[in-house]
Amino acid sequence: MPPTVDVQCLEQVREVSWLCYKMGDAAGRIESAGHTGRVARVLLIEDDTAVRTGLEIGLRRYAHVVSSAVTGEEGLRMLLTATPQLVLLDLMLPGMNGFEVCRRVRANGPVPIVMFTARNDDLDIVSGLEAGADDYVVKPVQPRVLDARIRAILRRSEREPASRDHYRDLVIDRAAFTVTKNERPVGLTPTELRILLELSRTPGRVLSRQQLLRTVWDQDYLGDSRLVDACVQRLRAKVEDSPSEPVYIQTVRGFGYRFGPL
Amino acid sequence: MIAWRGWFLGLRARLLLAFVIVALLSGTATAGASYVTARRTTLADAQSQILLQTRDRLDALAPTISRRPSQVELDDLVSRLKEELPGRVAATYRSMQAPSVVLAAETRAPDVPVALRRSVSATGHFMWQRIEFNGRPFLVSGTPMKDDRGQLSGLVIYVLSDLDRLQKSLDALGRSTIPIMVVCLLAAALLALLAARGVLRPVRDLRHGVRVLAAGEFHTRLRVRGSDELADLARTFNDTATTLESTVGELRRMEANAQRFVADVSHELRTPLAAMTAVTDTLDEEATRFGGDAAAAVRLVSAEIQRLGHLVENLIDISRFDAGRAVLRREDDVDVAELVAATLAARGWTDQVEVAAPTRISASVDRSRVDVIVANVVGNALQHGAPPVNVAIAQTIGIDGQSDVAVEVTDHGSGVAPEIIPNLFDRFYKADAARGRTEGSGLGLAIAQENARLHGGTIEVEASGDVGATFTIHLPGVSPEDR
């Protein structure tokens, strides 16, 4: 039997661990296993019983609350009932395939999606990122790696010191965690929002893909820079007037991205 | 120059030459023989006609000719006969001769040869001789006249016929063979070229076919024209190509099947591995609660699951290379020193490896693949060599702005025996057969090499000294224009 988790207790743990994180563990890796990290409500969509059970055990070990679905359809239904903070999605699903599920989850709201892929299967990775995934992990995955990714994603939803900044038509409210363009709210996922926050904090300064990987995805130098590129594309589609001629998020060839100059 | 020489030595030129020589020889021989024959018959005909005419005329005129002429009569006779006979006329009687002026005085005609005069007066028969004067042929005949009783009267009438017209027509005949000869030679050359084409086209087709076949296009076939030896050759070529195609196809199918099998097995293994890997952390932690053998067993299972995971990942990597599906994703401006540091850090090797590198090395490489290369080579050094393991990174920048990176990994173990160096990058190659299973999957160096090759680079091994082995990873950069 997997250990049951007292949700109230978890909330306390979460506070403590967040402090721990803020105080020092810059890499975001909380090496000691168990109940010290931030925890999330995770929706796991995976058709293979053994993998599903294994991941449930592994994730509960890190105190995450896991609800699981066997098919994409079931997963989409549970998205409404379980209100997950994060979706773990296997791309190889019977019935509705993973990419389609990914698109529908994304259409439904800004909940972050982490997909499982085969090792270095470039086509899957690119397609998954295009379908709206925020991150990917390669099967077979160590629970502690998965936990680190989950933590990094949850951290993206952390509030910033309150400030409300105007950039031309764009208003970024760091307290309310909202972005409006021409007074209309822009629906951003936590990852997209975090990229926008990181870039707009220092307008005109170039952040390399590796820096963004580190601050947003919590990944080291070996992380996959396509995560950044895919996410920037989606972000541009939402905030730029003309995504092919970006004004807010500009590419600096060979270096990275830059907010402005406006 | 050489091309021309090749052309001259070529089959076409040789055929052309042979045809022309044959045509020239046969043409010359035929024309020459016909000319000689024609000349002989024409001359004989003309001569006999002239001689007959001369005799007939003189026979007819004989009664009117005085048998004992005076000089005046002789001159008169000559001038009279001039009208009747084909050619100039001269007559001799005793010591007289007419015309009184010697024929030879006229530069355009020869004198009657002395030999002919003697022969005629000696034999008393009608005689003739062909002579040449100033390059012109003449026919001279001498007719001794007889008196009423049939006795020789001493009067001899010579007729000198100019054969120049005949000679001219014969020359014309000879000349007329030249244009015919030229036409024949041209025709021979044309025929030679046609024949050469007929031979050369199949040969050229064959050469092209062989070249294409050698390049691995086993489906290539030649069109068989006709039923000569060249057609036989083309047929043999086609049979060979068919056999090759089926054999190579079969081999490829078998290899592809084997590769696909490995790939399929690896993929199938991945799902149960994913399930097991997901619980290894749990197993490790729970192991402390068990005591003794149970704890050891649980740790063993957990460790082996991880190893199995690496093996399957490596197998999947290798099968992707085999299937040609490995894609290189170069990124500009990758700091190789930073990348190597990240590789070592990610595997917890930072303390065991000393890195010497300039502060910044910028290259255009695939980060994840360089990570795999460095990790496998350094991992190999840590496992089979002895510490300290040193990594030295160097960069050379060519004149075209292309920057090549060399990563040198040196250990201080017992080195590598020279005879096993060629096999070092073979899959599942065990340098020491007795050692059996090692920590690695046996695919590490093979994968490293495939990744280096994908970059257009190499991995070289040097183990000449007593101490350790040096693996040098060469990664050629791309010049800025090629990016």
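Predicted model: local features only at pLDDT ≥ 70, side-chain atom pairs only at ≥ 80, totals over all residues.
The side of chain B that touches chain A draws at least two residues from each of several elements, namely helix H6 (229-278), helix H7 (280-287), helix H8 (292-322), strand S6 (331-335), helix H9 (336-346) and helix H10 (367-384) of chain B. Of these contributions, that of H6(B) is the greatest, with seven residues. When the residues on the side of chain B that touches chain A are sorted by class, 17 are charged, 11 are nonpolar and six are polar.

Counted from both sides, the contact takes 32 residues from chain A and 34 residues from chain B. The area buried between chain B and chain A is about 2800 Å², and carbon and sulfur atoms give 50% of that area. Arg270(B), Asp281(B) and Arg367(B) together supply 20% of the area that chain B buries against chain A, which is more than any other three residues supply. Five salt bridges are found across the interface of chain B and chain A.

Over all chains, the search of the whole structure finds 33 salt bridges. A salt bridge within chain B joins the side chains of Arg225(B) and Asp205(B), at 3.3 Å from N to O. This pair links distant parts of the chain, for Asp205(B) belongs to helix H5 (164-214) of chain B and Arg225(B), 20 residues apart from it, lies in the loop between H5 and H6 of chain B.

Chain B also contains an open sheet of five strands, arranged in the order S2-S1-S5-S4-S3 with antiparallel pairing. Strand S2 (96-98) and strand S3 (127-133) of chain B each have a single partner strand and stand at the edges, so one side of each is left without a neighbour in the sheet. On average, and with direction ignored, neighbouring strands of this sheet are turned by 20° against each other.

Helix H2 (residues 11-61) of chain B lies across S3, strand S4 (136-146) and strand S5 (152-162) of chain B, and runs at about 30° to S4(B). Helix H3 (residues 71-84) of chain B lies across S1, S2 and S5 of chain B, and runs at about 30° to S2(B).

Further along chain B, strand pairing occurs in both senses. Strand S7 (residues 353-356) and strand S9 (residues 389-397) of chain B pair in the parallel sense over four bridges, with Ala356(B) standing opposite Ala392(B) in S9(B). S9(B) also pairs with strand S10 (residues 403-410) of chain B, in this case in the antiparallel sense over eight bridges, and there Val391(B) stands opposite Val409(B) in S10(B).

In chain A, four strands form an open sheet in the order S6-S7-S8-S9, again with antiparallel pairing. S6 and strand S9 (184-186) of chain A are the edge strands, each of which pairs on one side only. Neighbouring strands of this sheet are turned by 25° against each other on average, direction ignored. Four bridges join S7(A) to strand S8 (residues 178-181) of chain A in the antiparallel sense, and the bridge partner of Val171(A) in S8(A) is Thr180(A). Helix H7 (residues 190-201) of chain A lies across S6, S7 and S8 of chain A, running at about 100° to S7(A).

Some backbone details of chain A complete the picture. A cis peptide bond with omega of about -10° joins Lys139(A) and Pro140(A), and Pro140(A) lies in the loop between strand S5 (135-138) and helix H6 (143-155) of chain A. Another cis peptide bond joins Gly260(A) and Pro261(A), with omega of about 0°, and Pro261(A) is placed in the segment after strand S12 (256-259) of chain A. Arg168(A), a residue other than glycine, has a positive phi near 50°, and lies in the loop between strand S6 (164-167) and strand S7 (170-173) of chain A.

Methods:
Residues numbered from 1 in each chain as written. Chains lettered and ligands numbered in written order. Heavy atoms only, no water. Contact = heavy atoms within 4.5 Å. Buried area = accessible area lost by both parts, 1.4 Å probe. Salt bridge = Lys/Arg side-chain N within 4 Å of Asp/Glu carboxyl O. Nonpolar A, V, L, I, M, F, W, Y, C, P; charged D, E, K, R; others polar. Pairing = 2+ DSSP bridges. Axes fitted to C-alpha atoms, helices over the stretch in contact; angles between N-to-C directions.
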